[in-house]
Amino acid sequence: MIDAGVAAGHPATTAAGVEILAAGGNAADAAVAASLASCVAETVMTGLLGGGHAIYFDATSGRARNLDCFVAVPGLGAEPRDAELLHLEVAFGAELVDYAIGPASCGVPGLPAGLVALWDAHGSLPWARLVEPALQLAQNGVEFPPAHAACLAMLAPVMTMNEGAAIYAPGGELLSAGGRLEQPGLATALSALAEDPFSFYRGSIGAALLALCRERGGLVTETDLASYEPVWSEPVGVDYLDVQLLTRGGLSGVPETVPRLPQLRSLDETERVLALVDVLEAASAGGGDTTNLAVVDADGNACVLTSSLGLGSGDFLPGLDLHLNSMLGEEDLLDGHLEPGARMQSMMAPTLALGGDGLALAAGAAGGTRLRTALLSVLAGILDERLAPDDAVARPRFHPAPEVVNAEPGVDEAALAALEAVGRSVRRWPAPHHYFGGVSLVSRNGAAADLRRSGAAATLG
């Protein structure tokens with residue numbers, strides 16, 4: 001049996017989940033409250049006008065279901081037109097990344113509807129109670145942690161556009177670690193959400209989004225908002241060692257990769273790195289401005305939820321401090337013709353591990369194209385190598401892209417030298433970096449969250 005716990009991308013997000021568990025809420029309640037809190041505390045990573053994917057495990061029935069609340073392609077009920085995007089380059093650690101932003105990069109938000117669907121299907125506390133922790137954060141402000149400050153420093157050209165300047169560069173100075181992130185408009189938005197769970201679609205928030213799109217050339221229509229629905233589905237199951245992993249497919253690539261994972265327990269560190277390089281190779285693009293949370297309650301119910309704004313469009317709803325998503329500008333997600341109303345694709349992979357005696361682990365990751373690498377390297381560390389969760393998450397990480405193997409300090413130097421000896425290019429990063437993803441999990445051996453993103457974990461055992 002797993003002790004109740006919460007792991008997430010900010011201490012305030014984790015605290016919101018813990019508060020709701022302590023108040024008698026279950027995993028769904030705590031995940032909703034934590035996600036809402038993340039949309040206040042982690043707005044360089046996610047936001048209420050974004051989208052996400054979740055997996056929920058009901059301990060009584062033993063059934064798990066995926067929840068797709070990712071963004072949809074906009075344009076229903078409107079004449080087709082090309083999106084006019086603003087292109088810019090952002091230095092992302094050691095890489096220069098091309099981004100496309102602007103109001104026309106905004107897809108139909110799905111996260112608010114998804115949180116309502118999760119609560120409606122599995123929640124136990126009143127909806128307004130789940131909004132309270134996030135509302136308090138918005139009213140009081142929240143501490144800005146080091147990893148978020150480092151991310152903001154890279155993304156400042158976008159985060160300080162338009163209305164964002166007052167939030168992230170108050171008084172003309174970019175917000176730094178230890179500063180106070182003040183977003184009073186979010187208190188207004190969350191108050192509306194507490195009163196009407198559908199206010200982002202049929203109420204005042206939806207009306208503000210439509211007004212901004214009309215004014216600035218966005219593509220989201222009234223029909224888009226009215227027709228958006230979260231989608232429940234069966235997870236993809238794949239056997240791994242003595243457990244079954246339940247996850248999602250699509251761009252995540254997890255179900256296809258797990259059967260190729262080598263057994264690592266008998267390998268030394270050099271052998272481990274070399275054995276994983278070819279298996280985990282994936283393109284390296286985009287910033288991975290995403291967050292993840294994992295919750296397990298005292299009854300063994302579990303929820304993992306990953307959410308994102310993309311980079312963000314650079315536009316904020318006036319007076320509400322809500323950043324528009326930029327999913328239509330995320331090149332890695334633009335696969336095939338985009339039909340209005342269709343769900344956009346995603347690399348998100350909330351994952352559960354079920355053994356013969358029940359739930360063994362609930363985990364997810366952020367990180368764009370590095371998400372799969374981060375998640376599977378941590379899962380293999382815990383389930384195969386028997387590492388403690390904190391050690392598995394903190395272990396120096398590498399990401400093998402086709403053109404270069406990126407490595408944090410501490411990755412086995414003999415392995416990196418062996419890769420160079422056979423012609424592979426290796427980029428040694430000077431410090432741990434949120435480029436390498438952010439993993440959060442709750443397991444039988446405790447909970448862990450990624451310090452690369454200033455995460456925090458807590459158990460209630």
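Predicted model: local features only at pLDDT ≥ 70, side-chain atom pairs only at ≥ 80, totals over all residues.
Biologist: How many bridges join β15 to β16?
Modeller: Two strands count as paired if DSSP finds at least two bridges between them. In this pair, Ala353 stands opposite Leu361 in β16. β16 covers residues 358-366 and runs antiparallel to β15, and the number of bridges joining them is five.

Biologist: Which residue of β15 is the bridge partner of Leu246?
Modeller: Strand β10 (residues 243-247) also pairs with β15, in the antiparallel sense over three bridges. Within β15, the partner of Leu246 is Leu352.

Biologist: Why is β15 described as largely enclosed by the rest of the structure?
Modeller: Buried means under 20% relative accessible area, exposed means over 50%, and partly exposed is in between, with a 1.4 Å probe and protein chains only. β15 spans residues 351-355, and it is largely enclosed because the buried share of its five residues is four.

Biologist: Now for β2: which residue in β12 pairs with His53?
Modeller: Strand β2 (residues 51-58) is mostly covered, as seven of its eight residues are buried. Seven bridges join β2 to the antiparallel strand β12 (residues 302-308). Across that pairing, the bridge partner of His53 is Thr306.

Biologist: And in the hairpin of β2 and β3, which residue takes a positive phi?
Modeller: β2 and β3 (residues 63-69) pair in the antiparallel sense over seven bridges, with Phe57 opposite Ala64 in β3. The hairpin has four residues between the strands, and the one with a positive phi, near 75 degrees, is Gly62.

Biologist: What about Arg386, then; what is its phi?
Modeller: Arg386 sits in the loop between α12 (371-383) and α13 (389-394). Arg386 counts as partly exposed, at 48% relative accessibility. Although Arg386 is not a glycine, its phi is positive, at about 65 degrees.

Biologist: On to charges: how many salt bridges turn up in the whole structure?
Modeller: A salt bridge here is a side-chain nitrogen of Lys or Arg within 4 Å of a carboxyl oxygen of Asp or Glu. Some are linked in a network, one that holds Glu163, Glu215, Arg216 and Asp315. The search of the whole structure gives a total of 19.

Biologist: How far apart in sequence are the parts that Asp278 and Arg424 tie together?
Modeller: Asp278 and Arg424 form a salt bridge, with the closest N and O atoms 3.8 Å apart. Asp278 is in helix α11 (residues 269-280) and Arg424 in the loop between α14 (413-421) and β19 (426-428), so the parts they tie together are apart in sequence by 146 residues.

Biologist: Is Arg424 buried or exposed?
Modeller: Arg424 also meets Glu281 in a salt bridge (3.3 Å, N to O). Glu281 is partly exposed, with a relative accessible area of 31%, and Asp278 counts as exposed at 54%. Arg424 has 18% relative accessibility, so it counts as buried.

Biologist: Which residue meets Arg444 in a salt bridge?
Modeller: Arg444 lies in the loop between β20 (438-443) and β21 (446-449), and its partner is in the loop between β15 and β16, so the pair ties together parts that are 87 residues apart in sequence. With 2.7 Å from N to O, the partner is Asp357.

Key: Residues numbered from 1 in each chain as written. Heavy atoms only, no water. Helix = DSSP H or I, 4+ residues; strand = E, 2+ residues; numbered from the N terminus.
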